[in-house]
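Subject: Handing over the structure

Hi,

Here is the structure I promised to pass on to you.

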Amino acid sequence: MDKHNSSELLNSDFSLSKNASSDSLDSDSKSSSLNSKHGQDSNHVLGDIQLLDGEKVMGVARDVTYLCPYSGPSRGVLKVTNYQLHFRPTEPTSLQTTLSVPLGVVSRIEKVGGASSKGENSYGIEVFCKDMRNLRFAHKQENHSRRGIFEKLQQLAFPLSHRQPLFAFSYSESFPEDGWNVYEPIAELRRMGVNNDMWRITRINDKYEICDSYPAVWAVPTAANDDLLRSVAAFRSRGRIPVLAWIHPSSQATITRCSQPLVGVSGKRSREDERYIQLIMDANAQAHKLFIMDARPSANAIANKAKGGGYESEDAYQNAELVFLDIHNIHVMRESLRKLKELCFPQIDQTRWFSGIEASCWLKHIKCILAGAVRIVDKVENHKTSVLVHCSDGWDRTAQLTALAMLMLDPYYRTLRGFQVLIEKEWLSFGHKFQLRIGHGDERHSDADRSPVFVQWVDCVWQLQQQFPTAFEFTERLLITIVDHLYSCRFGTFLFNTERERVKEEVKTKTVSLWSYINSRQNLYLNPLYWGPSSFSNNSPPSQYSRPQMVLVPVASLRIIKLWKALYCRWNPTMRQQDPIYQRTRELVALRAQLEAAAAAAAGDHAARQHRLALTPPRVASPHHV
């Protein structure tokens with residue numbers, strides 16, 4: 001291969017990329033990932049700020065000082081739009097402190113100092129963010145600029161609290177692909193082989209009357225009629241009955257998901273629920289046993305009996321084995337992340353780094369979730385046994401476990417498009433309460449429903465990437481992009497709590513999907529080390545360089561699990577990677593494509609040459625005279 005041509009192609013690729021949108025999460029940039037590079041795909045520029053479609057400047061404060069905890073005070077102009085908080089320093093030497101922070105990231109805003117404050121930079125505003133950082137701005141009292149900016153920020157960062165729509169309903173950028181078409185529930189069930197002899201597709205919940213937090217389309221045992229489904233819904237918390245999440249292509253062992261049974265203190269039973277669980281067990285002819293994986297610690301499950309919930313009795317559910325996975329609730333996880341933030345921002349105390357990580361218990365929780373998913377995978381893959389997963393209501397820990405187990409079992413979900421389908425299916429359609437857990441546009445920052453459940457799951461996916469670097473079509477850059485836009489409110493994907501609410505609010509017609517944005521620049525997220533089939537080449541044969549995809553069984557041990565510094569510590573310049581890893585990754589992706597194309601061309605030339613030789617008649621030898 002011509003070395004000059006190779007470098008020329010790569011250089012042209014990157015000269016083009018400089019003009020294209022640089023993702024808002026570029027950890028290679030010297031400023032933060034949601035900072036100066038944000039919004040380069042916007043259609044218009046107003047002064048020094050680049051605006052997205054539908055974005056408008058709503059307030060400006062001059063002579064404001066950004067108190068950067070790393071590079072010190074920087075004076076400049078603070079602008080607030082209906083999407084972002086933008087700060088640009090006036091000194092050219094301080095441009096690294098340029099900020100562009102989506103207002104959806106803001107958790108709370110507080111005034112600092114009062115009329116009697118005398119010290120320099122002691123009067124201003126502090127912005128607390130959901131992405132592990134705080135921002136502090138000092139105002140001059142004589143300018144009287146603080147009040148106006150504070151009120152604008154309060155109104156625009158928390159629009160729902162002020163009866164205003166989220167920015168996603170104003171954002172109107174168009175992309176080549178409509179990301180709302182990525183997931184189609186019937187198509188995904190058919191990919192898994194449903195309908196079949198044992199499982200059927202039902203639309204009994206088409207109007208969300210059986211369960212308002214479940215999707216419209218379910219897969220249930222063929223032998224279960226609609227009356228049985230209604231009876232089971234009455235015995236399960238929130239009506240969240242056991243439905244199919246995934247089915248093994250060869251053994252027909254399944255992963256089903258639901259909420260806790262309403263057994264209560266008196267130990268109520270439901271013959272219909274017991275029969276239904278037996279039908280799930282019977283749908284797998286390979287085994288005569290069912291494992292019920294309860295995500296909770298046993299003490300918590302027992303305590304839930306006092307509230308009318310509880311767990312399945314092995315006496316009532318014949319041939320079922322109950323296993324508690326000891327994953328703690330949303331309140332424990334929220335407190336754990338709070339401790340981790342204190343450790344990572346703004347300054348890192350070197351003397352207590354490891355003890356601080358241990359005290360936060362964050363990695364311990366990650367380990368418990370991974371270990372629980374591994375147990376599910378082991379039962380389904382090695383023992384060919386079906387598994388039923390639930391926690392209390394089945395929309396937090398249950399989603400973590402089913403989505404993680406499916407990722408380990410099914411290589412399709414490890415592709416770029418398949419990963420999007422997995423999130424749409426297990427998290428969005430099955431009613432993880434994104435609105436309550438994240439608090440989109442809501443000023444109640446101390447709400448007890450807030451919890452980093454989804455971020456914790458994304459962290460577990462990153463742990464898998466670290467242990468199996470060739471198994472995923474995408475890099476951690478995709479994961480960080482998803483986490484940032486989980487908060488940003490630029491796209492409609494993560495808005496609201498349930499599929500029913502999204503249908504009611506017409507999210508698919510009134511907002512843009514995050515997947516439209518990601519799939520329009522997929523090369524930014526591709527993993528050059530990936531050796532499986534691409535999800536973007538459905539009509540082309542698999543690459544000859546693909547390898548058979550295997551089930552992933554990670555080591556769920558604190559000896560192996562690591563802190564995801566690229567996410568939690570990214571605002572600290574001393575913790576960032578020093579080499580431009582994203583640029584190197586893109587270079588490798590481009591070079592790999594070149595080499596594969598060159599190899600395919602050489603193989604084609606060789607085949608053509610062989611064909612010509614086969615058509616050429618053999619040369620007749622001249623007679624040999626002695």
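Below are some notes on what was found, taken place by place.

First, how to read it: this is a predicted model, in which local features need pLDDT of at least 70 and side-chain atom pairs count only at pLDDT 80 or more, while totals for chains, interfaces and linings use all residues. Residues are numbered from 1 along each chain as its sequence is written, and side-chain values use heavy atoms, with hydrogens and water left out.

Let's start with the sheet. Seven strands form an open sheet in the order β6-β5-β4-β3-β9-β8-β7, with antiparallel pairing. (Strands are DSSP runs of E of at least two residues, helices are runs of H or I of at least four, and both are numbered from the N terminus; two strands pair if DSSP finds at least two bridges between them.) At the edges stand β6 (99-102) and β7 (106-112), each with a single partner strand, so one side of each has no neighbour in the sheet. From one strand to the next, the twist averages 30°. Within this sheet, β3 (residues 57-68) and β4 (residues 72-81) pair in the antiparallel sense over nine bridges, and Y66 stands opposite S74 in β4.

Next, a pair of helices. The axes of α11 (residues 416-429) and α14 (residues 476-488) come within 12 Å and cross at roughly 35°. (Axes are lines fitted to C-alpha atoms, for helices over the stretch in contact, and angles run from 0 to 180 degrees between N-to-C directions.) L416, F419 and I423 in α11 meet L478, L479 and I482 in α14, where contact means heavy atoms within 4.5 Å. The residues of this contact divide into six nonpolar, no polar and no charged; Ala, Val, Leu, Ile, Met, Phe, Trp, Tyr, Cys and Pro count as nonpolar, Asp, Glu, Lys and Arg as charged, and the others, Gly among them, as polar.

Two side chains deserve a look. (Buried means under 20%, exposed over 50%, and partly exposed in between, with a 1.4 Å probe and protein chains only.) The side chain of Q463 reaches the backbone oxygen of K562 at 2.7 Å. Leaving out residues up to four places away in sequence, Q463 touches I366, L370, I561 and K562.

T222 sits in the loop between β11 (218-221) and α4 (226-235) and is partly exposed, at 35% relative accessible area. T222 and D197 are 25 residues apart in sequence, yet 7.0 Å apart in space, C-alpha to C-alpha. The T222 side chain reaches the backbone oxygen of D197 at 3.4 Å, and one of its polar atoms lies 3.0 Å from the backbone nitrogen of W199.

Finally, some backbone geometry. Most residues other than glycine have a negative phi, and most peptide bonds are trans. Here a cis peptide bond joins V194 and N195, with omega about 10°, and the bond from F345 to P346 is also cis, with omega near 0°. D326, in the loop between β15 (320-324) and α7, has a positive phi near 60°. F496 has a positive phi of about 70° and lies in the loop between α14 and α15 (499-504); at 15% relative accessibility, F496 counts as buried.

Enjoy exploring!

Best wishes

Notes: A polar contact is a pair of N or O atoms within 3.5 Å; within protein, one must be able to donate a hydrogen and the other to accept it, and residues adjacent in sequence count only if both atoms are side-chain atoms.
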